[in-house]
Amino acid sequence: MSKNFHLITGCSSGGKSTLLAALAVLGHHVVPEAGRRIVAAEQAGTGNALPWGDMHAFARKAILLAKEDLEKARGHVGPVFFDRGVIDAAVALEHAGGPSCDDTLGSVPDYNKRVILAPPWPEIFVQDSARKHGFAAATEEYHRIKTRLIALGYEVCLLPKADVDRRVAHVLRMLACL
């Protein structure tokens, strides 16, 4: 596992992208969520590889893009923060009836052993054009991801339900302890 590759994952609309944007403002290298990039590209064109259209196609594209993101980040010096990652996509594919996460992932992805997990937080949950599922579905997804991370040997570190400045401070304190 790479000490410098930090996965931030968890519940949809749990504040991950907001946290990552704040880390980027501080000069940290951030990799945006593959799923959001795919949804934007599919909606801009005529594709149907959308979570609510063809989950298999969406998850497969997310797996490929997340693996590309990992490869591209290998040359970066210093911490790299990933907004979701290949594990999320593998969990989604398995849940949609695709191959098991173990078959999809092969070996354990190269993230730091400590994974930052945004818990379900109904007070900030919102749906939008790229997130059409509800809070219950997001919570179920969160539990699937958490279970898989633990099974893969990652240490799950919950992100506090706090404003973005406190969340940034929490993440940076965690980095200092590695």
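Predicted model: local features only at pLDDT ≥ 70, side-chain atom pairs only at ≥ 80, totals over all residues.
Student: How many aromatic pairs are there here?
Tutor: The count comes to two aromatic pairs. Rings of Phe, Tyr and Trp (its six-membered ring) pair if their centres lie within 6.5 Å; planes under 30 degrees apart count as stacked, over 60 as edge-to-face and the rest as tilted.

Student: Which residue forms an aromatic pair with Phe-5?
Tutor: That's Phe-82, and the pair is edge-to-face, at 5.3 Å centre to centre with 65 degrees between the planes. Phe-5 lies in strand β1 (residues 5-10) and Phe-82 in strand β3 (residues 80-83), so the pair ties together parts that are 77 residues apart in sequence. Helices (H or I, at least four residues) and strands (E, at least two) are DSSP runs, numbered from the N terminus.

Student: OK. Is Phe-82 buried or exposed?
Tutor: Phe-82 counts as buried, at 2% relative accessibility. Buried means under 20% relative accessible area, exposed over 50%, and partly exposed in between (1.4 Å probe, protein chains only). Phe-5 is buried too, with a relative accessible area of 4%.

Student: And what about Phe-82 and Tyr-111, how far apart are their ring centres?
Tutor: Their centres are 5.5 Å apart and the planes are at 75 degrees, so that pair is edge-to-face. Tyr-111 sits in the loop between α5 (101-105) and β4 (114-118), so its pair with Phe-82 in β3 ties together parts that are 29 residues apart in sequence. Phe-5, Phe-82 and Tyr-111 form one aromatic cluster.

Student: New topic: how many residues of β1 are buried?
Tutor: Six of its six residues. Phe-5, Leu-7 and Thr-9 are on one side, with His-6, Ile-8 and Gly-10 on the other.

Student: What's the strand order in the sheet?
Tutor: The open sheet of five strands runs β2-β3-β1-β4-β5, with parallel pairing. Two strands pair if DSSP finds at least two bridges between them. The edge strands, β2 (29-31) and β5 (155-158), each pair on one side only.

How values were computed: Residues numbered from 1 in each chain as written. Heavy atoms only, no water.
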